[in-house]
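This report asks the reader to look at a protein model and to follow its parts one after another. The sequence and the structure are shown first.

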Amino acid sequence: TVLRLMMKKPTFSHPNSPGALFKEVCGNYVYLEAPGLANTSLRKQAARTISAALRQDSRYIILFVVTVESGRVRHEDTEMLELVLKAAPIGQNYPVVINKVS
């Protein structure tokens, strides 16, 4: 995964429940992942989790992973981006990783 590559670790623990926040400390960095954002029933819970994590006193890089199908970003991913950006107003400077271009 992207986080595994960023952390330069072959494996890491991952939450068992969708919507739970994954947190791992590696060196001087804290990595957070909130799986379940594409699942509409878990999306609001995951957004609240992200918002709470971003209230901690620290610096952040928010990385979005989206999937392109038939030349367009999936609707679910667009909704997820909008939801997270409303919960965490970070402006217009954020990386987007395009996964599974088909």
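Is Leu54 buried, partly exposed or exposed? The model under study is a predicted one, and the answer for this residue rests on a computed area. Leu54 has a relative accessible area of 23%. Buried means under 20% and exposed means over 50%, with partly exposed in between; Leu54 is therefore partly exposed.

**The surroundings of Leu54**

Leu54 is part of helix 2. When neighbours within four places in sequence are left aside, Leu54 is in contact with Tyr60, Ile62 and Ala88. Leu54 and Ala87 are separated by 33 residues in sequence, and their C-alpha atoms are 9.4 Å apart in space.

**Helix 2 and helix 3**

Helix 2 covers residues 43-54 and helix 3 covers residues 75-87. The axes of these two helices come within 9 Å and cross at roughly 35°, and the crossing is right-handed. On the side of helix 2, the contact is made by Arg43, Lys44, Ala47, Ile50 and Ser51. On the side of helix 3, Glu76, Glu79, Leu83, Val84 and Ala87 take part.

**The strands**

| Strand pair | Sense | Bridges | A bridge pair |
|---|---|---|---|
| Strand 3 (residues 64-69) and strand 5 (residues 96-99) | parallel | four bridges | Phe64 and Val96 |
| Strand 3 and strand 4 (residues 72-73) | antiparallel | two bridges | Glu69 and Arg72 |

Strand 3 and strand 4 also form a hairpin, with two residues between them. Ser70, in the turn of this hairpin, has a positive phi of about 55°.

**The protein as a whole**

How many helices and strands does the protein have? Its secondary structure comprises three helices and five strands, and along the sequence they follow the pattern α-β-β-α-β-β-α-β. The protein has 102 residues, of which 26% are buried. Among contacts with a separation of 6 or more, 46% join residues 24 or more positions apart. The accessible surface of the protein comes to about 7,300 Å², and carbon and sulfur atoms account for 52% of this surface.

Notes:
Residues numbered from 1 in each chain as written. Predicted model: local features only at pLDDT ≥ 70, side-chain atom pairs only at ≥ 80, totals over all residues. Heavy atoms only, no water. Buried < 20%, exposed > 50% of the residue type's maximum accessible area, 1.4 Å probe, protein only. Contact = heavy atoms within 4.5 Å. Areas by Shrake-Rupley, 256 points an atom, 1.4 Å probe, with all protein chains shown as cover. Pairing = 2+ DSSP bridges. Axes fitted to C-alpha atoms, helices over the stretch in contact; angles between N-to-C directions. Left-handed = near helix turned anticlockwise from the far one by under 90°.
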